[in-house]
Amino acid sequence: MAEHILVKEFLKTHSLVESNLKSFNDFVYNRMQEIVTELSDSLPDEDFEIKLGKIRVGKPDKVESDGSARLITPAEARLRALTYSAPVWVEMTINYAGQVETEEVQLGRIPIMVKSAACNLNGMSEHDLIKNYIDPKDPGGYFLINGNERVMVMSEDLASNQTFIEHKKTNNRLMLRLFSQRGSYKIPISIVENNEGIIEVSFSR
């Protein structure tokens, strides 16, 4: 009974998709810059030197057939079967033979999570949301790809290449479990001592 009360109190001030929104906001406004900075630092310093600077994510828009671009809402993306995405820009500096040139170039586009800080609905009042055909009770936390809603499914998994030791109560023996991973190749391994004192190793492939 107490658990139900806690859940109700939590939902009064928090959303079930709050973690999705916070994670996406952190990725767009912090993690993307960290990745670009890390990549820039790893580029070799040669005669033709390239450095990557500040990365910037725009607002979701649509480039029309006449070449003009305008902001769109999730409702329009649904109706027109569009991907609710925004352009990504990065500052690039090129140093060649002592001549330095800096320019902001567009890397591509990234899908934007509905109701995130990068979404066009961010900061809208309930009246404005209704005016733009958006349900004010919609918590967001999903993407619109070709007009269809797509969500990120959270999953819990054991850390790769880390040993986990369990104590088996049935035969009072220890069991070691390990998810061995190299690149995208990942297999579970278990090591256990049987009743005869023989070490048994098993793996899926």
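What follows is a chat about the fold of one predicted model.

Visitor: What kind of model is this, and what pLDDT do local features need?
Guide: This is a predicted model in which local features need pLDDT of at least 70 and side-chain atom pairs count only at pLDDT 80 or more, while totals for chains, interfaces and linings use all residues. Residues are numbered from 1 along each chain as its sequence is written, and side-chain values use heavy atoms, with hydrogens and water left out.

Visitor: How many helices and strands does the chain have?
Guide: The chain has four helices and 11 strands. Both are DSSP runs numbered from the N terminus: helices are H or I with at least four residues, strands are E with at least two.

Visitor: What radius of gyration does the chain have?
Guide: The chain has 25 Å, whereas a compact globule of 205 residues would have a value near 17 Å. The radius is taken over C-alpha atoms, and the globule rule is 2.2 Å times the number of residues to the power 0.38. Along its principal axes, the C-alpha trace spans about 75 × 65 × 30 Å.

Visitor: What share of the residues is buried?
Guide: Buried residues are 25% of the 205 in the chain. Buried means under 20% relative accessible area, exposed means over 50%, and partly exposed is in between (1.4 Å probe, protein chains only).

Visitor: How many bridges join β9 to β10?
Guide: Eight bridges join β9 (residues 173–182) to β10 (residues 185–193), and the two run antiparallel. Ser180 has Ile187 in β10 as its bridge partner, and Leu178 stands opposite Ile189 in β10.

Visitor: What about the turn between β9 and β10?
Guide: The two strands form a hairpin with two residues between them, and Gly183 in the turn has a positive phi of about 70°.

Visitor: And how many bridges join β8 to β9?
Guide: Six, again with the strands antiparallel. Lys168 has Arg173 in β9 as its bridge partner.

Visitor: What is the order in the sheet of three strands?
Guide: That open sheet has the order β1-β4-β5, with antiparallel pairing. Its edges are β1 (48–57) and β5 (99–111), each with a single partner strand, so one side of each has no neighbour in the sheet. Neighbouring strands here are turned by 25° against each other on average, direction ignored.

Visitor: Over how many bridges do β1 and β4 pair?
Guide: β1 and β4 (residues 85–96) pair over eight bridges in the antiparallel sense. Phe48 stands opposite Tyr96 in β4.

Visitor: Which helix lies across β1, β4 and β5?
Guide: α2 does, running at about 175° to β1. Contact means heavy atoms within 4.5 Å.

Visitor: How many aromatic pairs are there?
Guide: The structure holds one aromatic pair. The rings of Phe24 and Phe143 have centres 5.6 Å apart and planes at 70°, so the pair is edge-to-face. Rings of Phe, Tyr and Trp (its six-membered ring) pair if their centres lie within 6.5 Å; planes under 30 degrees apart count as stacked, over 60 as edge-to-face and the rest as tilted.

Visitor: Which parts does the pair tie together?
Guide: Phe24 lies in helix α2 (residues 18–42) and Phe143 in strand β6 (residues 143–145), so the pair ties together parts 119 residues apart in sequence.

Visitor: Is Phe24 buried or exposed?
Guide: Phe24 counts as buried at 7% relative accessibility, and Phe143 is buried at 12%.

Visitor: Last one: what is the phi of Ala81?
Guide: Ala81 has a positive phi of about 55° although it is not a glycine. Ala81 is in the loop between α3 (74–79) and β4, and is partly exposed at 44% relative accessibility.

Terms used:
Pairing = 2+ DSSP bridges. Axes fitted to C-alpha atoms, helices over the stretch in contact; angles between N-to-C directions.
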